[in-house]
Structures are given as C-alpha cells and as structure tokens.
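Hi,

Here is the structure I promised to pass on. Have a look at it first, and then read my notes below.

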Amino acid sequence: MASRTRKGSRLRMYFRMLSGSLIRRASRLVIAVLAIAIGATILSGLVTIYYDIPEQLGREFRSYGANLIVLPRGEAKITRETLRALRELVGEGRIVGLAPYRYQTVKINEQPYIIAGTDLEEARNNSPFWYIEGSWGDSQDTSQVLVGHEIAGTLGLKLGDTFTVQGVKYGESAEASRQDLSAEENQKRDLARQNFHTKLTVRGIVSTGGAEEGFIFADIDMLDDLIGDTFRADVIECSIAANAAELSELSAEIERIIPELQPRAVRRLTQSQDIVLGKLQALVLLVTVVVLIITMISVYTTMTAMVAERRREIALKKALGAENKLVMSELLGEGVMLGFTGGALGVFLGFEFALRVSLNVFGRGINFQWALIPATIAVFIIITVAASIIPVRRVMDIHPAIVLKGE
Amino acid sequence: MFWRMITKTLVRQKSKMMMIAFTVVLGVSLSTAMMNVMLGVGDKVNRELKVYGANITVRHKDAALMSDLYGLEGRGVNDKFLHEEDVLKLKSIFWGFNILDFAPILEGRAMMGSADVAVIGTWPEKHAVLPTGEELDTGLKSLRRWWEVSGEWLNEGGNDGVMIGHLLASENGIKAGDTITLTAGGRAMTFRVAGIFNDGGSSDSKILMTLPAAQELLGLHGRVSSIEVSALTTPDNDLARKAAQDPRSLSPDEYETWYCTAYVSAICHQIQEVIRDGVAKPVRQVAESEGTILSKTTLLMILITILSSIGSALAISNLITASVIERSQELGLLKALGAYNWQIVLLVLAEVMITGIAGGVIGYFMGIGFAQIIGQTVFGSYIEIARMVILIVAVILFFVTVIGSIPAIRYLMALKPTEVLHGK
Amino acid sequence: MPQKILELSNVSKIYGNLKALSDINLSVNAGDWLSIMGPSGSGKTTMINIIGCMDTPSTGSVILDGTDISRETAGNLTRIRRDKIGLIFQQFHLISYLTALENVMVAQYYHSMPDEEEAMEALAKVGLAERAGHLPAQLSGGEQQRVCIARALINSPSILLGDEPTGNLDEENERVVVDIFRRLHSEGVTIIIVTHDPEVGDVAQRKIILEHGRITQDIDQTPIIRT
C-alpha cells in the first residue's frame, strides 16, 4: 500500500466518503438542508428588504406632495429651457413629479380669481392626496379644467358646467371700467384686442382641505395661448425621491448650475420624512436582527441534533486509526456542502420573498444586493460547520472504545 | 407506566428535550414579539406621523379660504371668527382622546415700520385644565416640529415676545433679542424677538406671537380665525368616503359604525358639533398620506411576521423530526419489546407536547420582552400586549409540533425492530 | 525462536474503587491465536481496550511489537493503533452510507493511501468479491462481519483484535467466520479474540480465562486444533 503514494487517490477517497455521506444519507440531510434554507431565506429576504426600505418607503412618503419648491431669482420668470435643464439636473430616476405653475388673475362674473396653469399630469404625480370629484383633466381637451372646491361653492359650479373667464392679455394694461360708460360699452371694451375671454368647462372639483381649493387648475399651454404669451412659470413644484441631506445637496447643485433658479426645500416634509423614515428603518433593522439571531440559533440547534447521532460513527473512525483532524476535515467538508446547498437555495427563495413583499406592499420591484449571495452562503457555511464541529469536539475526547460492545 | 416513561424521557433525555424546548422558546418568542409589534405598529407609526403637523383645520363656515391666497385679507374680507372659549371643547368629543395636539390661530396684518406684515397669534405651549379635571399640554410647538429655531421658542406667558420667520427677519435685518414695534388699527405694541424660525414654507415671512398679544394688537378679543388639530385617525375606507360626502346618506347602522370609528371625517363631524359656526376639514395632504404610509408599513410588518412565523414553525418541526429520528434506536427497542405503533406515537407526541408547552410559555414571555425592547428602542414607548397573540401562537405551536412529529412517526412506523438493534 | 509481539507486565487498571485488571502478565508470540474468555465483568473489555491502544493501564507496561504503549499520548496511540491493530467488533460497525468496498478503503484512507484493487483483493479473501458494491444494510450479518474482517486486515496489522466477533451471528455464519480465522492463523496472522462463546474460544491455539481482573487459567490448546 505504501508503494503507491499518489496524492490524488487520497483526495478521491475523501470525496467518495463525502458524497457517500451526503447522497446515501439524503433523507436525513433533507432536514438539515431545509433548516439551512429556511435560515438563508429569512436572512437574505429580510436584509434585502432592510436595504431597500429607505428607497421604497421614501417613495411612499412622496404622497405628501412636493418637497422642493423652485422659484425664479428676482423678478424673472422660469422659461421652458430652464425647466428642461432642471429636469435633466435632477435626473429622471428621482423625479416623482415636477410641475411648473403659472398664476394668472382672471375675472369671472367680474370677480377676481386665479387660474393656475400647470402640467396637469405632473401635478397629479405631485399631489396624489388631492380628492377630485369628476376627473383630472388631460392635455387632449384643454378647455376642460379643474376648479377648487371653494370656487365651485362660490360660483355654484357643478361637474360639466361651463363658465367664462376674462382678463387682460400679457403685456397689455387693463383700462379701468369707467363710471361714465354704460355696461354695454364697458363689455365691448373688454372684448377688445388687449383683452381675452374664453369658455371653460368644469371637469373636476378639487378638495384638499388647503389653499388649492381656491384655484382653478388648467393646462399651462392653454393658459399661455389664452393670454398670448410664451411659457413663463412662476414656480416649479418638485416631488423628488430623496431625504433631507440629498435634497439640500441637490438644492446647492441647482443654485450652482442654474443660477437663475432659487430652490427651497419644504422643511415640513423633508424633516418629518427623515424622522419617520428613520424610525421605520430602525424598526425593520431591529426586527431583522431579532429574527436573524433567533433563526441562526435554531439552525444551529437543528444541525446539532443532526450531528449528535453520528457520535458512534466518529468513534469508529477513531478506532480505525483516524486522527482527529481527519475526522474534522470530513465533518468540515460535509458542513461546507450542506451550508452551500442550503444557503444557495435559501438566498434565491429569500430574493423571491423580498420581491413578492415589495410587489405586494409597494407595487414595485426590489433592488437586490448581489453581495448578499456570497455573504449568506458564507454565513450558513460557518453556522453549519460550527454546528457540526462544536458538539463533536466533545466526542473527540471520548475514547474510541465506545464502539466496543454496549452503548 | 405511560407517564412514568414520559417523565423518565423528559428527565433522562434532558439535553435533547432541552434543545427542543429551547427552539420552541426561540420560535414562540419570535412569533409573539413579531405579532405584538405588528399589531402595535399602526398606532406607533401613526403617532410618529404626527410630526407632519395638523391633519384637520377648523374655520368659520363663512370664512373664505381664498383670502389668504390672494393676499387680500384685511377688514371686511375676513371678518368671520371662531370663539376662543370653544377651543378646549375639542377634547370633549367622542374621539377626544385621539386628539393629540391642537392650537388656535388668529391671523391678521400689521405694520412694522412701513412694511405690511402678516401676524399670527397662537398658543405656543398651552397647559390647560379641562372642566372634567383632566390636564393637558398642547400648542403650536408640537405642531411645528420641523421648525428650525435660532433663539428660543415663544413661551406661553410671554405676551411681549414674538418669533419672526427667517425671510422676514433677514429682509429687515432682525436678530433674536431685538425689539420691534407693530401697529394695527391705531394700536402700537412693542415686542422682543425671542427667536427666528425656519419653516421652509409660507410662514417664513410672518410674525408669530401669543394669542392674547395678537388679540390685543388686532382688537379681536376672544376671537380666533382657525384651529389646527392633530388627531390619530383610522385610514379611510369606502364607508368613510361615503360619509365624507354626506353623513346623512348613511343608514343608521352605518352611521353608528362611522361615528364610532376614528375616521378623519367622523372626527371632523364631531368637531363641528362642538365648535360654534366651525367647519372642520381634513388636510388631505396629511390625512391621506398618513393612510398610505400606515397601510404600507402595516402590510410590510404583516409579511415579515408571516415569514418569521413560518420560519420558526419550520425550524421547530424540523428539530422535532431530527431529534425523534435520533432516538429511533430507543424507540425501536420499545417496538421490539412489543409496543404497538400507536403507543409509541402517543409517547412521542406526549413528550413533544409537554416540552412544547413548557417552551411555549417561556417563549411567550420572552417574546413580550422582545416586543417591548423594540417598542422602547424604536418608538420610546411600550407596545400594548394583544391577548389574541396567545391564542394564535398556541394554535400554531400545536400544529407545528404535530406536523413536525409526522415524518418522525412515519419513520418509526416503517422501522423494523431488528434493524435498530443491530445498530445500523 | 518465535518473536514476541505483545507483552503485558504487571498491568493493572483501576476505575475509581474498581480494580478492573490486577497485575496481569501475558505474552503473545507472533502467529499465535489467543482467545480471552471469562464471565461478564471479569475485565475482558478493559484488556482489549488496553491491547487495542484505546486505553492505557494504571500501572504496568504493555510492549506492542517492540513499542511501549502504556504511557503514550492519545495522538500517538491512534497512530500506533492504525499501524499495528486490526479491530473486529460485535456490532460490526460498518459506516452505513458507504459500500462494502468503500468501508474497507476507509481503513486504508486513515492509514495511508486508499487502493481500490487491494481492497477488492481483501474482500475476495473473505469471499465477498461479488458483494463489494453493496451497502451494509443490504448484507447479512455474516457478510457484514466478513467485511469487517477484510477492513481489519487491509493494513496488515501486527494483531487482529476481535471483540465478540461472533456475538451477533447465527451458527452458520459463526462457522464461516471461524474458518476465516483458522485460515488467517495458518497464514501466520496473530489473532486475539475476546469471547464468551466456548465454541469460538476452544478453537484457538491458546485460551486464557479471566476472573475478577486476574488470569485464572492459561491453557495451551494446540492439540485440539490439530484434530
């Protein structure tokens, strides 16, 4: 036997024993693999969710509306080019909504009201909390507008009603009604070239419990046409998926790159979001930690129970002359294989779980932390190996004589 | 003899049974903690969301909301007020307990030098005693938690102090500690600037003072323009939406349910019952968003709870399987001695059950401990213990131990006594 | 002059108050076939533990193939055991998830180098060549014990040490195993068997009887074997 000292054959025998142990004891090992897989599922699933919470829940907090208000600096207005530049700077991925607003005073029944011209679709993204009786307008039929609940009450407007708005075109000055002229003459003057008037239809009535109830919301292009001017916005409301620090960074960047803009974070939303989101993340972290500790321990106990039944086999190997380190290396090999199989299985189940949670709760996919795959597998290999070797260590000290007779 | 064997197993197989009990303890404590946290999380997060400020505002029914948009307010436009003495009645409504904070607001305009400025009078930090003897602390400070204040917050008694929005302050070069003089309707009053606040919103160009000072300045004794209310509410459902349109459209049963649920519309309805001429409206920006965040958080916790409960259930049943198989030799011996299968099964089940119950009881209390640690660490308050959890956990544990024993029992059934005794 | 393979001088083993072995003197020559008999509790197991390098005596010396093993560390004992001792157990103790062939190869693996051909030859010697690929559960008790013997012999040990090797076998299998011992003896293998089965004990060349930790009889049975 000593004549043939090929290293390969020892290694081959090692793997032969390993595979024999793993394959022929399959029915029992299923339990071990299952235990590890459950642990790995929980680990990878929860950690994935934990990492994605700020992103996912942060987006949910956008339901509070715009968190960055961008004003023009000085008396200038915001042009379409600036709007486009802003959009590019912020980056499409982070924008939940970005709506320009132009406020125009108009007269309805000779009373002053304000029309807010905006991109209705973006406004809708910005303010999901608006309650609309009827429906949001669209850019197809721009004479259909939204009116605030307050205005609707004052003017007695219902869905589908039509009303006339009048006003002075851009750059023209209104001539005051003169007492000495008759109503007809005044009306004629109002219809003159420097004035505009049009009929609008109520498509929806806006309730918010806030200032918006006193506005009429219309398509900004329609409003521009009406008053005979090009695009000029008074303010841009942005809803951006970012926390307070990221927003102030963004604000600084906007000021630097587009100096004609003056961004202002809405502290009420950014500060509050940071507080609440921080708590929620702490909650998920703590829950994750508790769940993980408990899972690890239970994987460990299951593995311990599995290994305990092999005392006799280990004693036999020792009786046959196996050195401790050889027996250890076999258990190690098995532990690595089990940890790997269970861990790999569990990682993918965990990702699947995290994805399902994300789809169910947030209606969005989830970003996987790919580094979790090797990390989870490594963690479970370590647990499995520790659980295999630590209880056996005690057996190591026991005399191989236990294989004789009894016991 | 049956019991004797069970007690012997439990005592002699101490370490193995301890292991099962230990896993049961872990599993049950995990499920208990998670379920309690899950059931309590809505309430906790709801309270956290109060940092967003008021979710209900109360105004006079004829006061035009539009006025503060146009910047046209002044005498004649906005001359409808609520009564200050009604404000504390808020706590007397059915859902009074859910009203966490509130503050009356009196808005007006005054001249500061040659500039026309908006002034707000309020309760900064009010300590009040209700007719019922109940004491409460409320005020605007808790409704403006996002404010960044340099200098100090107004204090309740400091009727000669004001806080100034940072835009207005920087325009006029005012610092904390300065004095300013405000005039309105021929009355002139001098105030000390306690602090400069940054609201990040429209208030940044306003002046905040105590309600008595504002009433004095504006000559509106006992009047307030609006009340901001922060209330714990239940997210809206179809019933609440229907009621919000018109409570009278509800059937008596529906009305009862609606009235006795903390929907924002129900609370508004009840506020209107106590505030003369008041119209309470939900601030949809806060109220709606609260609902969204709450339902998402709760759903997330439910799913995590389900995952961890399944995980611990599988872990327990797995360990039971593993440990029963491990004892196959001993159980095979019983079979060789002439025990019927059902006798062995009964024995195994009884052992596992007793271990499970012991572990479950310890685990339940540990779980409550875990839940409180989470509650204290994250929310700084105790999580209420839901009794329902005991039942749920007990039922799950019962099935888990039985199901966990099934593979082991099937294994035992198939076992031939001779195989066992020949030490395979 | 036959070479001395094992020599126990004044060996005692004390467990607490119990004197399991007291003052044993025994020497075994290479090629001897010794059976150790005695009632339960007479110290047979202690003796085999000591000879098998699984335990050390409290006092006295044990010389195995020229080495004193009475004061060795557990690590050295393991090494000596795998070089000098081939063990056979009453319960066979085959590894359940390995085939007969692999079970033999395990002993080679722990000793030095697994060699499938050699292991196959060893199985053929005990008449199990065609059963090499079977798992222990698929073998009869006698076959399992023969695998065990093949495993014990694979590393050419100085002593084949059997602990009740026929205790779990029926009469027919017992005869097969005894025949193998007889053949091994004729090939010059040193055999020490602990048994309380007189039929197995009596076929040995020499029989010692233990009682209360002492050797009470030492019988040369050479003539019996010849018949």
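This is a predicted model: local features need pLDDT of at least 70, side-chain atom pairs count only at pLDDT 80 or more; totals for chains, interfaces and linings use all residues.

**Chain A against chain B**

Let's start with the A/B contact. It brings together 59 residues of chain A and 59 residues of chain B. On the chain A side, α2 (26-61), β10 (261-265), α9 (267-308) and α11 (324-361) each put in at least two residues. The largest share comes from α9(A), with 24 residues. If you sort the chain A side by class, you get 34 nonpolar, 16 polar and nine charged residues.

**Chain A against chain C**

Chain A also touches chain C, through 29 residues of chain A and 32 residues of chain C. Here the elements of chain A that give two or more residues are α1 (7-24) and α10 (311-319). The largest share is that of α1(A), at eight residues. By class, this side of chain A has 13 nonpolar, six polar and 10 charged residues.

**A helix with a buried side**

Next, have a look at α7 of chain A, residues 220-227. Its buried residues are A:Ile220, A:Met222, A:Leu223, A:Leu226 and A:Ile227. They sit on the same side of α7(A), because together they cover an arc of only 160 degrees around the axis. And what covers them? Strands of chain A are part of the answer, including β2 (95-108), β3 (111-118), β6 (162-168), β7 (195-207) and β8 (216-219).

Chain C has an open sheet of four strands, in the order β2-β1-β4-β5, with antiparallel pairing. The edges are β2 (18-29) and β5 (67-68) of chain C; each has a single partner strand, so one side of each has no neighbour in the sheet. Further in, β1 (residues 4-15) and β4 (residues 59-64) of chain C pair in the antiparallel sense over five bridges. To find that pairing on screen, go to C:Leu8, whose bridge partner in β4(C) is C:Val62.

Helix α1 of chain C, residues 44-51, packs on this sheet and touches β1, β2 and β4 of chain C. The direction of that helix makes about 125 degrees with that of β1(C).

That's the lot from me.

Cheers

Note on methods: Residues are numbered from 1 along each chain as its sequence is written. Chains are lettered from A and ligands numbered from 1 in the order in which they are written. A residue is buried if 20 or more other C-beta atoms lie within 10 Å of its own, exposed if 12 or fewer, and partly exposed in between; C-beta atoms are placed from the backbone. The arc is that of the directions from the helix axis to the C-beta atoms. Two residues are in contact if their C-beta atoms, placed from the backbone, lie within 7 Å. Ala, Val, Leu, Ile, Met, Phe, Trp, Tyr, Cys and Pro count as nonpolar, Asp, Glu, Lys and Arg as charged, and the others, Gly among them, as polar. Two strands pair if DSSP finds at least two bridges between them. Axes are lines fitted to C-alpha atoms, for helices over the stretch in contact, and angles run from 0 to 180 degrees between N-to-C directions.
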